[in-house]
Amino acid sequence: MKSPLPVRNGVNATRMRMPEEGPWATAMDYVLEKFGHVDPAGIVDRFERGEVKALGGEVLTPTTPLSEHLFIWYYRELPVEDRLPVELSILHQDENLVVVDKPHFLPTTPGGMYVQESALVRLRVLLDLPDLVPIHRLDRMTAGVLLFSANPETRGKYQLLFEKRRVEKTYRAVAPVREELEFPLVVRSRMVKSRTYLLAQEVAGEPNAETRIELMDTRVDAPSGQTFGLYDLQPHTGKTHQLRVHLAAQGIGILNDTFYPVLQDQAPDDYTKPLQLLARSISFVDPLTHEPRRYSSKLELAAFPNHA
């Protein structure tokens, strides 16, 4: 369902489903009752300016009857966001793809308290590409290679690569070392993630998540005397928080992870302690040119610098 309103300042218009009947005489009456506690004057102003539209592009006015349109689109009034002190860099750009190095702490897409401060909105504004959309996602706390589609006409071909698992992804992580673990180690489990709960969980049942773990190097942390390892991770599935859960389940939770194995109290971001997880590379055969492509991150994990 295509929005009748264009992207504005890098942000999509919001879609809203209207009730087919009710005590509201007009569409604006319903919107005011639902969101009037937030910005009643702003809602009236948007209807009066003609900034609320229906699927066919029809403009809704303050007197448009409730039942005239099932879906409407409008621009939200967005709060002013402080710019996150992190920057993304572009690894590749052509007419179909934009590949970036996403830093820690920057979300992939708008959500919650982060709208303008997301990789998607930053890139749409920076590159003047309102049709840009992510082909896959990285957690806000995970850094590394992230792909965006710049061309709606070819987008489906690249999305299909991820759906068919024809993309090879490698990650690097820093975590404690357990001498009793033998590598390479393949972890398989069944994972579930509720939209209403922060954490993903492993449950009994047929495995739906698989990760290959290889210990690449070790070092001793001088202040604590603890041994940490640099791990190469190859996920063969893409479940939410999969790598974080699988390492924590082996007793080697990723350094600076505030979710796993124990959920810590919410606190302001500590930019000196990013999650030590990096999406290091993505490889695939391009569906348009049929040539191999590989994109590698230029970022480093602070706990294991200068390691190729």
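Tutor: What follows is a set of questions about the words used for this structure, with the values behind them.

Tutor: This is a predicted model, in which local features need pLDDT of at least 70 and side-chain atom pairs count only at pLDDT 80 or more, while totals for chains, interfaces and linings use all residues. Residues are numbered from 1 along each chain as its sequence is written, and side-chain values use heavy atoms, with hydrogens and water left out.

Student: Thanks! How many helices and strands does the protein chain have?

Tutor: There are five helices and 14 strands in the protein chain. Both are DSSP runs numbered from the N terminus: helices are H or I with at least four residues, strands are E with at least two. Along the principal axes, the C-alpha atoms fill a box of roughly 70 × 50 × 40 Å.

Student: Why does Asp 221 count as buried?

Tutor: Buried means under 20% relative accessible area, exposed means over 50%, and partly exposed lies in between (1.4 Å probe, protein chains only). Asp 221 has 18% relative accessibility, so Asp 221 counts as buried. Its place is in the loop between strand 11 (209-220) and strand 12 (227-235). Over the protein chain, 46% of the 308 residues count as buried.

Student: And what makes His 307 partly exposed?

Tutor: His 307 has 31% relative accessibility, and therefore counts as partly exposed. His 307 is found in the segment after strand 14 (292-296). Ser 296, which lies in strand 14, gets the label partly exposed because its relative accessibility is 36%.

Student: Which residues is His 307 in contact with, leaving aside its neighbours within four places in sequence?

Tutor: Contact means heavy atoms within 4.5 Å. With those neighbours left aside, His 307 is in contact with Arg 172, Asp 217, Leu 230 and Glu 300. Leu 230 is 77 residues from His 307 along the chain, yet their C-alpha atoms are separated by 9.1 Å. Applying that exclusion to Ser 296 gives contacts with Leu 91, Val 145, Arg 280 and Ser 281. Among contacts in the protein chain between residues at least 6 apart in sequence, 62% join residues at least 24 apart.

Student: Which residues meet where helix 1 and helix 2 pack?

Tutor: Ala 27, Met 28, Val 31, Leu 32 and Phe 35 from helix 1 meet Pro 40, Ile 43, Val 44 and Phe 47 from helix 2. By class, that contact has nine nonpolar, no polar and no charged residues. Here Ala, Val, Leu, Ile, Met, Phe, Trp, Tyr, Cys and Pro count as nonpolar, Asp, Glu, Lys and Arg as charged, and the others, Gly among them, as polar.

Student: How do you know that helix 5 is mostly covered?

Tutor: Seven of the eight residues of helix 5 are buried. They are Gln 242, Leu 243, Arg 244, Val 245, His 246, Leu 247 and Ala 248. Their cover includes strand 8, strand 9, strand 10 (200-203), strand 11, strand 12 and strand 13.

Student: And what makes helix 3 mostly covered?

Tutor: In helix 3, seven of nine residues are buried. These buried residues pack against strand 4 (89-93), strand 5, strand 6 (133-134) and strand 7. Just after helix 3, Asp 128 takes a positive phi of about 55°.

Student: Last one: which residues touch the most other members of the largest nonpolar core?

Tutor: A nonpolar core is a set of buried Ala, Val, Leu, Ile, Met, Phe, Trp, Tyr and Cys residues joined through side-chain atoms within 4.5 Å. The largest has 34 residues, and Phe 148, Leu 233, Leu 247 and Leu 277 touch the most other members. Helix 3 gives the most to this core, with four residues.
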